[in-house]
Amino acid sequence: CYNRITIVKKMENQMTKTPFITADKLEQITAEFPTPFHLYDEKGIRETARAVNAAFSWNPGFKEFFAVKATPNPAILKILKEEGCGVDCATDTELVMSKKIGFDSSAISFTSNDTRAEEFVYARDINATINLDAYEDIFFLQEAAGLPETLSLRFNPGGVFSLGTDIMDHPEESKFGMTKEQLFKGYAYLKEKGVKSFGLHAFLASNTVTNEYYPTLAAQLFELAVEIKNELGVSLDFINLSGGVGVDYTPANKQNDIAVIGEGVHAKFDEILVPNGLGHISIYTELGRFMTAPHGLVVTKVLHIKDTYRRYVGVDASAVNLLRPAMYDAYHHITNMTNPDGDIQVVDVTGSLCENNDKFAKNRELPEARIGDTLVIHDTGAHGFSMGYNYNGRLRSAEILYQEDGTTRMIRRAETMNDYFATLDGFDFDI
């Protein structure tokens, strides 16, 4: 069975990704920190933040509000704060974390849905910029916490969003945002009730790998802003392009060029907004994946090799540490750091959960993996740790920061059984 599924090639025939860490350095790190763990590259995160800010520097009011849900670790958020970014929060937990880290109220955005009253109250208390997901939320917020002087409304145009002949997503199937009719009714009502500053927000597609997404979305929102001004007499103060600019997880590595994207939005801004007296509008973004995904790795070791109808490479990480492959059948590239030049084998790379979808790779060509080898799973710096869970009583792993000076530090320790048992009432499981 093993001979039937083995393909003998040399690695130079394969498409690869290059990790941000060397094998020798990683060996030192794994000697200090037991696998599995998440490893983040501080230098890469800073460089990406600077590139985003440079790409939109033509807009005086530009602000990147990093999507906290992507990588909710204070050390990462502090890095982005130092680079001039704000934060976009989806829950009161994320709001509390951001406030405690020291983000100014003007740098905190709150974009939530099915929101609890107490979450709106806290967002109002810290003066975060609230972005309402539903027309009905206007009245819910008004009753729960009162209407602030600044409010943003989230737009969903419905239908299908496409670029040329490529369908990018189906906004009509999305639970997020309100219709155009609701949007206009909302602005009219808020103006009547004394709201003074208005924003517009939309999210039409996820993880796009094209330089055309933001400019195309921007054009739609800019034209809508002109309509809002002409019909309602409401002049928007900011337009939030949300997220959606993604990364190429595959080894083809066809990445977005944020400088080209920024210039594309600039051209639409000058073409549509400036001639209509709306050149004052600030542009906001809520990037998450683009900011941190390429700058994270899951580091894991091979525990077992199993040969049945396939060859299975069993590692000490599982979907608890990285859910995306199990949840979305998402591709994440894998590099064998210990044996990069080994003969190529076709394998499944699996975790230990009692679920057959707990696989990081299926029928993947990889250099021969041996028990004890160190593997890295690429592009896990966003929606990696943050989507972790405790199925089978498996515990979430540590987060380690690879700092600019070449040193490492733990920025979140691994969970223990005591953490897992801590919320049980009436039982003593102290280990």
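Q: Through how many residues does the hairpin join strand 12 to strand 13?
A: Strands, like helices, are DSSP runs numbered from the N terminus, a strand being E of at least two residues and a helix H or I of at least four. In this predicted model, a hairpin joins strand 12 to strand 13 through three residues.

Q: What should I keep in mind about the numbering and the model before going on?
A: Residues are numbered from 1 along each chain as its sequence is written, and side-chain values use heavy atoms, with hydrogens and water left out. Because the model is predicted, local features need pLDDT of at least 70 and side-chain atom pairs count only at pLDDT 80 or more, whereas totals for chains, interfaces and linings use all residues.

Q: In which sense do strand 12 and strand 13 run, and how many bridges join them?
A: Two strands pair if DSSP finds at least two bridges between them. Strand 12 (residues 296–307) and strand 13 run antiparallel and are joined by five bridges, with V302 standing opposite V315 in strand 13. Strand 13 is also joined to strand 15 (residues 344–350) by three bridges, and these two run parallel; here Y312 stands opposite D348 in strand 15.

Q: How many of the residues of strand 13 are buried?
A: A residue is called buried under 20% relative accessible area, exposed over 50%, and partly exposed in between, using a 1.4 Å probe and protein chains only. Strand 13 (residues 311–315) is mostly covered, since four of its five residues are buried.

Q: In what order do the eight strands close into a barrel?
A: The eight strands follow the order 2-3-4-5-6-9-10-11, and their pairing is parallel. From one strand to the next the twist averages 25 degrees, where axes are lines fitted to C-alpha atoms, for helices over the stretch in contact, and angles run from 0 to 180 degrees between N-to-C directions. As one case, strand 2 (residues 63–67) pairs with strand 3 (residues 86–89) in the parallel sense over three bridges, and the bridge partner of F65 in strand 3 is G86.

Q: Which strands does helix 7 lie across?
A: Helix 7 (residues 180–192) lies across strand 6 (150–155) and strand 9 (197–202), and runs at about 170 degrees to strand 6.

Q: How many aromatic pairs does the structure hold?
A: Rings of Phe, Tyr and Trp (its six-membered ring) pair if their centres lie within 6.5 Å; planes under 30 degrees apart count as stacked, over 60 as edge-to-face and the rest as tilted. The structure holds 16 aromatic pairs. One of them is formed by F20 and Y402, whose ring centres are 6.5 Å apart and whose planes stand at 20 degrees, so the pair is stacked. This pair links distant parts of the chain, with F20 in the segment before helix 1 (23–32) and Y402 in strand 18 (residues 398–402), 382 residues apart. F20 is partly exposed, with a relative accessible area of 22%, while Y402 counts as buried at 17% relative accessibility.

Q: Why is the pair of F56 and W58 tilted?
A: The ring centres of F56 and W58 are 6.3 Å apart and their planes stand at 40 degrees, so the pair is tilted. Both F56 and W58 are buried, and they belong to one aromatic cluster together with F62, Y213, Y214, F222 and F269.

Q: Which residue has its side chain joined to that of T374 by a polar contact?
A: A polar contact is a pair of N or O atoms within 3.5 Å; within protein, one must be able to donate a hydrogen and the other to accept it, and residues adjacent in sequence count only if both atoms are side-chain atoms. The side chains of T374 and K301 are joined by such a contact of 2.6 Å. T374 has its place in strand 17 (residues 374–377) and counts as buried at 8% relative accessibility.

How values were computed. Contact means heavy atoms within 4.5 Å.
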